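Please look over the model shown below before reading on.

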There are 2 protein chains.
Amino acid sequence: MKKPPNTREKLLEVAFNLIWDSSYGSVSVDDICRQAGANKGSFYHFFPSKAALALEAYEEQWNRVRPEFERIFSRNLAPLSRIAGWCALVRRIQAEKAAEYGKVCGCAYSSLATELATQDEEIRSRSEKLMSLPRKYLEEAIADAIEAGDATVKEPGPAANRAYAVCLGMLVEARVQNSLSVLEDLEPAVMEIIGAKAFASA
Amino acid sequence: MKKPPNTREKLLEVAFNLIWDSSYGSVSVDDICRQAGANKGSFYHFFPSKAALALEAYEEQWNRVRPEFERIFSRNLAPLSRIAGWCALVRRIQAEKAAEYGKVCGCAYSSLATELATQDEEIRSRSEKLMSLPRKYLEEAIADAIEAGDATVKEPGPAANRAYAVCLGMLVEARVQNSLSVLEDLEPAVMEIIGAKAFASA
DNA sequence: CCCCCATTTGACCGATCGGTACAGCCGGTG
DNA sequence: CACCGGCTGTACCGATCGGTCAAATGGGGG
C-alpha cells in the first residue's frame, strides 16, 4: 500500500470538480489549493502549470469512470441494454453532480474543451481524444445491435456519431437551463436514431 | 441619420467576435477596447460592466441574424426546404467564421452559456432565452411538414428539441475537433430525426 | 459667441492572477 | 547520529485583471 497518495490526488480531484462546476478560467490555482488543503508550493511541486493539472485531472477522471463503461458495455449484455445503460449512466452522473453542487453541470469534458479548444492546442487535441472514447463503446454496441437484428440503422459509425451528438447537445441544454428534465428524452432519442426495435417508443 | 453610431456598436461587435473566438474569461476589457480602437473610459461610459457588454453584444448579434431566420423559415417555402435552409445556414456561418478566424468556433451562444451558466444567473437565463428562439422556428417548420405529410414524426416539439440538440452537439464537436466535416451529417441527421420523406437519404 | 453635455482620454486603483524562491520539515537510510 | 531528498509553508514577483476618475474635447443649439 502507498501511504502518501494524498496531496497530489486531492489536487487532481478538487481541480476536476471545481472546473466542472464553473469553468477553467474562473477557477484559480489558489482556489484549488485552498479547497484541497494544499499550498501553492506543493501545487507547483507536482504540476508544472495550471493547464497541465487540468489535463491530468481530466484524464485521471476518465480512468476512474472507465470501469463503469466496461461494465455497462460488457458484451455479455444485450446491445440495446448496453445503450440504455449508457443513457442511464449519463443521467445518473448528472443527477448526482447536481445534488452535490446544487446546479446541473453538463458534460465536464465538452465544457472544458469548448472553453479552451481555440486557445490551447494540447488541451484541444487531448480533449478530442478523450471525447472520442465513449463513442467507441457506443459504436460497438450499435454494431452488435445491427447484427442481432435489434437496430434498423445501416452504418454503426454515423449512428454512433449522431447519438453522441444528441447526448452532447442535451447536456449543453441541461447545463444552460439548469434542469435535468431535458435528459428525459435522451434514451428515446438515441433509440430512435439507431432504429431500435424494442425500445422505439418505450 | 445618426452620425455617431460608432464606438458603442464597434465595442459590441468586437466583443461578440472575440468572445466567440476564444472565451469570455480569456478576453479582457483591454483586449476589447484595443481592437475596437476605444478607451477604457468610453467602454465604461457605455456599459456598466464586462458582463453587461457581453449580454448586450449577444442579443444585438441575434437581432442581426434574425432577418436571415425570417427569410429561411418563411412560410412561403416548403417546410423541408426551410429546415434544409437552416442546416445550410449553420454550416455557412461556421465556414465563414472559420475562414475569417482560422479556427472552427462552434456555436457562440452555447459556448458563452456553457462557460457562465453556473456563475452568472442573468447571463444563464438570457442565454437560455436566446437559445430557445431558433428552436421555435424549427418547431413551426416541423409542424408544417407533418401537416403537409412530409414528415412521419408525431409531435413537432420533441422532434425540434432533438434536432436542435443534435445541431448543438455537432457544433461542440466541430469546435473541439477544429473541423467542419462533422457538420456534413447535420442535414441528414436532422431529416432522419423528423422522419422526412423526400430527404431521408439525400 | 458661448455654453452645454455627451463623449473621449489616459492615468490610476486595489485585487488577484499564474508562477517562483527558498527556507524548513520530516521520515528513511547509512 | 548525520545526511539526504521529497514535500511543505509562505513570502514574494511582475503582469494583468475589472473598474474608477477627473480633466479635456468638441460639435450643436441658444
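A residue counts as buried if 20 or more other C-beta atoms lie within 10 Å of its own, as exposed if 12 or fewer do, and as partly exposed in between, with the C-beta atoms placed from the backbone. By this criterion A:C33 is buried, because 20 other C-beta atoms lie within 10 Å. The model is a predicted one, in which local features need pLDDT of at least 70 and side-chain atom pairs count only at pLDDT 80 or more, while totals for chains, interfaces and linings use all residues. Residues are numbered from 1 along each chain as its sequence is written, and chains are lettered from A and ligands numbered from 1 in the order in which they are written.

A:C33 lies in helix 2 of chain A, where helices (H or I, at least four residues) and strands (E, at least two) are DSSP runs numbered from the N terminus. Two residues are in contact if their C-beta atoms, placed from the backbone, lie within 7 Å; leaving aside residues up to four places away in sequence, A:C33 touches A:A38, A:N39, A:K40 and A:F43. By contrast, A:C33 and A:R91, which are 58 residues apart in sequence, are 30 Å apart in space, C-alpha to C-alpha.

Taken as a whole, chain A has nine helices and zero strands. Its radius of gyration, taken over C-alpha atoms, is 18 Å, close to the 17 Å that the globule rule gives for 202 residues, so chain A is as compact as a globular protein of that length; the rule is 2.2 Å times the number of residues to the power 0.38. Along the principal axes, the C-alpha atoms of chain A fill a box of roughly 60 × 40 × 30 Å. Buried residues make up 46% of the 202 residues in chain A, and among its contacts between residues at least 6 apart in sequence, 65% join residues at least 24 apart.

In soluble globular proteins, nonpolar side chains tend to be buried together. When residues up to four places away in sequence are not counted, B:A15 touches B:I32, B:L53, B:A54 and B:A57.

Helix 9 of chain A, residues 186-193, is mostly covered, with seven of its eight residues buried. Those buried residues pack against helix 5 (79-101) and helix 8 (156-177) of chain A, together with helix 8 (156-177) of chain B. Just after helix 9 of chain A, A:G195 takes a positive phi of about 65°.

How do the two protein chains meet? In all, 38 residues of chain A are in contact with 38 residues of chain B. Helix 6 (108-116), helix 7 (121-147) and helix 8 of chain A each supply at least two residues of the side of chain A that touches chain B, and the largest share, 15 residues, comes from helix 8 of chain A. By class, this side has 14 nonpolar, 15 polar and nine charged residues, where Ala, Val, Leu, Ile, Met, Phe, Trp, Tyr, Cys and Pro count as nonpolar, Asp, Glu, Lys and Arg as charged, and the others, Gly among them, as polar.

A rotation of 180° with 0.0 Å of shift along its axis superposes chain A on chain B, with an RMSD of 0.0 Å, which is the relation of a two-fold axis; the superposition is by least squares on the C-alpha atoms of residues with pLDDT of at least 70 in both copies. Because 100% of the interface residues of chain A are also interface residues in chain B, the copies meet through the same surface.

Two DNA strands complete this account. A residue is near a strand if its C-beta atom, placed from the backbone, lies within 6 Å of it, and of the 17 residues around DNA strand C, A:S28, A:G41, A:S49, A:K50 and B:G41 come nearest. Helix 3 of chain B gives the largest share of the surface near DNA strand C, four residues. DNA strand D is surrounded by 15 residues, the closest being A:N39, A:G41, A:S42, B:S28 and B:G41, and here helix 3 of chain A gives the most, with four residues.
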